[in-house]
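Keep the sequence and the structure side by side as you read.

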Amino acid sequence: MFRSLLLLFSIAVTATATQAAVKVEKTEYEGWKNCYRVTNGVVELVVTGDVGPRIIRFGFVGGQNLFKEFPDQVGKSGEEKFQLRGGDRVWKAPEDPIATWAPDNVAVEIQMTPTGVIAREPIEPLTHLQKEIEVNMDSSGTGVAVTHRITNRALFPLRFSAWALTMMAPGGMAVAGFPPRGHHPANLEATNPVVMWAYTNLADPRWKFTRKYLTLRQDSANNEPQKIGSFNPNTWVAYVLNGEAFVKRTTPDASKPYPDFGCSFETFTNQDFLEVETLSPLTELSPGQTVELVEHWALFRNVRIDALTDEELDRVLLPLLK
């Protein structure tokens with residue numbers, strides 16, 4: 001009996017210590033008075049409370065912000081039109097210029113949890129959607145689970161996808177993997193789409209394709225937008241900047257339809273930033289129902305890619321995906 005009680009006490013102390021390893025505190029950030037910093041002492045992220053839902057910073061404690069920030073837009077709120085601002089956000093897909101670009105410029109409800117926060121916006125008057133982002137940070141290491149949700153608050157069913165868009169700081173390169181490759185004639189069936197937009201230009205030098213990977217480089221001197229999409233049953237993308245790598249992963253459901261000719265992953269760049277994006281299945285939502293998309297994030301140091309070849313990308317990236 002005593003041993004059982006001692007074991008239960010030990011488990012309880014361990015659980016408490018694990019939860020206590022993640023610290024959540026209200027803070028000011030770049031002019032916003034009501035932000036929330038989540039850290040485990042290794043990495044930190046900042047969720048805005050004055051606008052959003054949005055994660056505006058993710059990086060090693062005291063290190064660079066891997067996420068893009070627009071200096072003329074951070075710290076502000078109440079604008080009439082949508083503001084890019086930077087960071088990570090959730091949108092509805094497929095994209096349309098009105099409903100997708102609904103402003104998120106008002107204060108959000110923040111709920112603090114033992115391992116992070118939940119940021120929930122008011123119901124959007126234009127779309128009757130309600131968006132939220134939930135952050136749960138690992139007690140050690142660099143891992144974070146980020147859940148993007150959209151709830152239908154309209155009086156009628158709506159069909160859409162949750163779309164998680166992360167705007168990366170300029171000067172880096174995104175690398176995404178294709179599904180496992182095979183050989184002809186052993187593998188005759190199509191395995192995955194590679195989707196273009198009307199402005200996609202595969203001759204643009206920022207693109208580089210290998211047999212197993214696609215790469216896209218952000219170039220602040222090139223003002224031509226580029227975008228491409230794909231589907232991978234193990235969707236992941238890495239963004240490498242200044243010797244550090246941000247990796248986000250999600251597991252799509254190949255049995256369900258996806259937006260944009262079947263994309264679980266999309267990437268976009270222009271002269272200001274590069275965006276890495278994942279999407280949930282297209283879902284018919286009755287009033288009150290919610291669609292969600294869970295991403296798993298991690299950061300890595302001492303990541304350097306010396307050549308854009310399968311062998312070099314394997315060497316650098318496969319250890320990060322274990």
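Start at Glu 30, which counts as partly exposed because its relative accessibility is 45%. The scale is simple: buried means under 20% relative accessible area, exposed over 50%, and partly exposed in between, with a 1.4 Å probe and protein chains only. Glu 30 sits in the loop between β1 (23–29) and β2 (32–39). Its phi is positive, about 50°, although Glu 30 is not a glycine.

A word on what you are looking at. This is a predicted model, in which local features need pLDDT of at least 70 and side-chain atom pairs count only at pLDDT 80 or more, while totals for chains, interfaces and linings use all residues. Residues are numbered from 1 along each chain as its sequence is written, and side-chain values use heavy atoms, with hydrogens and water left out.

Asn 302 also has a positive phi, near 55°, in a residue other than glycine. Asn 302 lies in the loop between β21 (290–300) and α3. With 72% relative accessibility, Asn 302 counts as exposed.

Two peptide bonds are cis. One joins Ala 93 and Pro 94, with omega about 0°. Pro 94 belongs to the loop between β5 and β6. Another cis bond links His 184 to Pro 185, with omega about 5°. Pro 185 is in the loop between β11 and β12.

The loop between β5 (87–93) and β6 also holds Val 108. Is Val 108 buried or exposed? Val 108 counts as buried, because its relative accessibility is 11%. Leaving out residues up to four places away in sequence, Val 108 touches Thr 48, Gly 49, Val 51, Gly 52, Pro 53, Ala 119, Arg 120 and Glu 121. Contact here means heavy atoms within 4.5 Å.

Now the whole chain. Its secondary structure comes to 3 helices and 21 strands. Helices (H or I, at least four residues) and strands (E, at least two) are DSSP runs, numbered from the N terminus. The radius of gyration is 20 Å, close to the 20 Å that the globule rule gives for 322 residues, so the chain is as compact as a globular protein of that length. That radius is taken over C-alpha atoms, and the rule is 2.2 Å times the number of residues to the power 0.38. Buried residues make up 53% of the 322. Among contacts with a separation of 6 or more, 64% are between residues 24 or more positions apart.

Next, the sheet. An open sheet of 10 strands runs in the order β6-β7-β8-β9-β21-β17-β16-β11-β14-β13, with antiparallel pairing. Two strands pair if DSSP finds at least two bridges between them. β6 (109–113) and β13 (207–209) stand at the edges with a single partner strand each, so one side of each has no neighbour in the sheet. From one strand to the next, the twist averages 15°.

Helix α3 (residues 310–317) lies across β11 (173–177), β14 and β16 (235–241), at about 85° to β14. Axes are lines fitted to C-alpha atoms, for helices over the stretch in contact, and angles run from 0 to 180 degrees between N-to-C directions.

Turn to strand β15 (residues 226–230), where 5 of 5 residues are buried. Both faces are covered: Gln 226, Ile 228 and Ser 230 are on one side, with Lys 227 and Gly 229 on the other. Strand β12 (residues 194–196) pairs with β15 in the antiparallel sense over 3 bridges. Val 194 has Ser 230 as its bridge partner in β15. Another 5 bridges join β15 to β18 (residues 265–269), again antiparallel. In β18, Thr 267 is the bridge partner of Ile 228.

The largest nonpolar core has 47 residues, and Leu 45, Ile 55, Phe 58, Phe 67, Val 144, Phe 246 and Trp 297 touch the most other members. A nonpolar core is a set of buried Ala, Val, Leu, Ile, Met, Phe, Trp, Tyr and Cys residues joined through side-chain atoms within 4.5 Å. Apart from that core lies another, of 14 residues, among them Trp 236, Ala 245, Val 316 and Leu 320.
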